[in-house]
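Work through the exercises below with the model open. Try each task before reading its solution.

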Amino acid sequence: MGDGSLLPVFRVHRKRRHSTLLPDDILQRILVFVVLEDGCSAILRLALACQTFNKIVSQEHFQQEAHFRWLDSVVNWERLSKRHRQSYRKPYTISRCSRLQCSQLYKDCGSGYQGNGQRGVLVGFYSSDDNPGYCSWDCFLDDGGLEE
Ligand SMILES: [Zn+2]
């Protein structure tokens, strides 16, 4: 140096990682808490945040845990019969809508307690699944659900 020229500044690109110092099980508990605060839609947002979060929230057991924590926040199971608990304290499935033009994947809760996954928020209780195999009532009707 000493010739008066400025050396270009090189920026060293380090591989960016979400290096969480938390063990996976603690991180998982925190993410379940986030889902309970914001509802199921948080799962998609968390999945897009980083690979670590994506890996955790994509696991079926993570989604089931969030679901059961939500169910337990809206239902006082101790006041209900064992049979009721066996029938309605159940996981949901991911199904594909039977209407071909739709064919979307949807959260299929069947009959029972419905909600958006936010702690303490219950949309309703349905004793039967009025549009089985369809993502919505609209898809059910468009496919001729009430005909016959
Ligand atoms: Zn549909």
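**Exercise 1.** Which residues make up the largest nonpolar core?

Solution. This is a predicted model: local features need pLDDT of at least 70, side-chain atom pairs count only at pLDDT 80 or more, and totals for chains, interfaces and linings use all residues. Residues are numbered from 1 along each chain as its sequence is written.
- Start with the terms. A residue is buried if 20 or more other C-beta atoms lie within 10 Å of its own, exposed if 12 or fewer, and partly exposed in between, with C-beta atoms placed from the backbone. A nonpolar core is a set of buried Ala, Val, Leu, Ile, Met, Phe, Trp, Tyr and Cys residues joined through C-beta atoms within 7 Å.
- List the members. The largest core has 11 residues: L31, V32, V35, A42, I43, L46, F53, V57, A66, W70 and L71.
- Assign them. Helix 1 (24–38), helix 2 (41–49), helix 3 (51–57) and helix 4 (60–74) each give two or more residues to this core. Helices (H or I, at least four residues) and strands (E, at least two) are DSSP runs, numbered from the N terminus.

**Exercise 2.** Find what W70 is in contact with, leaving aside neighbours within four places in sequence.

Solution. Contact means C-beta atoms, placed from the backbone, within 7 Å. The partners of W70 are L36, G115, G117 and R119.

**Exercise 3.** Locate S103 and decide: buried or exposed?

Solution.
- S103 sits in the loop between strand 1 (93–96) and strand 2 (105–108).
- Count its surroundings. S103 is exposed because 11 other C-beta atoms lie within 10 Å.
- Check the backbone. S103 has a positive phi of about 50°, yet is not a glycine.

Notes
Two residues are in contact if their C-beta atoms, placed from the backbone, lie within 7 Å.
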